[in-house]
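Trainee: Take a close look at the helix packing for me, please, and walk me through the contacts.

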Amino acid sequence: MNEENEALKKFTGNPGNEGEELNAIDRYLKTVRIEQPSVNFTQHVMSNLHRASATALGLPSRNKILMLAGILVTIGIAILLLAGGAFDSVTAITVDQDILPNNQIREYIPTIPFNGKLVINIVILMNLALAFIILDRAVLKPWFERRRHA
Amino acid sequence: MTDENSLIDRIIAGEQQLYAELINRHKGYAFTIALKILQNRPEAEEAAQDAFIKAFQNLAKFNREAKFSTWLYRIAFNTAISYKRKSKNIFQSIDDVQIGQRQEGEGNVEHDDKKRFIEQALSRLSDADRLAVNLFYLQEFSLEEIADITGMQANTVKVRVHRARQRLAEELKSILQKEALTL
């Protein structure tokens, strides 16, 4: 704080060369005091505080719930397709020789082994993990917070 | 500071009513900061109240390495800035106020005029500069604290206060010259 006082003196101590305007400004700024808000300021904040915390701990956001529903629907469809054997025939990625002209490709294009069922299972697991995270953030956490503050 | 930290711990633990004590300790400065930015008492009061609510909602995230007051005043500064951006067109221009004030008592006309001109010159400074100048002259805050509140470097604050003061003098001079020409 002493450093600031010194700095202030440095700014204001030799106003003679800087003119009447600087003098006036310094005099004015030195009179500036802390302003006080209205008497019911604290009361007002405290009453709004409860409203604010109630809003903060309110229902989970609509977007998060919609996202959770979307993920669950995706998982459901993927499981149904998997159970119906839709991915059983997908076993490898092959480049169709009919599409590529033979004169341009002289070498044999290998097929890439590909397990469709395994890939879909991994996708389902990743979606499940995401669904659990969203469930925790959007539903469980706000619910427990609400119970804690009730 | 330890006292304030223990108070904050108790508020976070659920004793919400203790927040009133923190409000009473800091409302003056928070309101003054908002007022210096917004230059309108009702708006400043609303912004300061909003700042206290925001601080309460984020109290658990408050980093104890800094002073609570500095953290709170930074929130008040940012809230006031966003209030100003939102309602820039609603504010009453200082030029509109002049007519009403001129007609008041003749006794302190010269003194009032000078004060009004300085306020006019102050209003032409940037928000951060105006606040930095006011906080600096209050002599209650260190340069580091002013820097933390306004989001500047301490050295930058020093330079900006110095330049702002000179700019104020130039503004005041030009206002006075214009006034002299209209007489």
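Mentor: A crossing is left-handed if the near helix is turned anticlockwise from the far one by less than a right angle, and right-handed if clockwise. This is a predicted model, where local features need pLDDT of at least 70, side-chain atom pairs count only at pLDDT 80 or more, and totals for chains, interfaces and linings use all residues. Residues are numbered from 1 along each chain as its sequence is written, and chains are lettered from A and ligands numbered from 1 in the order in which they are written.

Start inside chain B. Helices (DSSP runs of H or I, at least four residues, numbered from the N terminus, while strands are E runs of at least two) include H2(B), residues 19–38, and H7(B), residues 127–138. Their axes (lines fitted to C-alpha atoms over the stretch in contact, angles running from 0 to 180 degrees between N-to-C directions) come within 9 Å and cross at roughly 135°. H2(B) and H7(B) are therefore oblique (under 35 degrees is roughly parallel, over 145 roughly antiparallel, 65 to 115 roughly perpendicular, the rest oblique), and their crossing is right-handed. B:Ile33, B:Lys36 and B:Ile37 meet B:Asp127, B:Arg130, B:Leu131 and B:Asn134 there, with contact meaning C-beta atoms, placed from the backbone, within 7 Å.

Now go across the chains: 30 residues of chain A touch 35 of chain B. H3(A) gives the most to chain A's side, nine residues. H2(A) packs on H9(B) at about 115°, axes 9 Å apart, which makes the pair roughly perpendicular. That crossing is right-handed too. A:Glu21, A:Leu22, A:Ala24 and A:Ile25 face B:Arg165, B:Leu168, B:Ala169, B:Leu172 and B:Lys173.

Methods
Contact = placed C-beta atoms within 7 Å.
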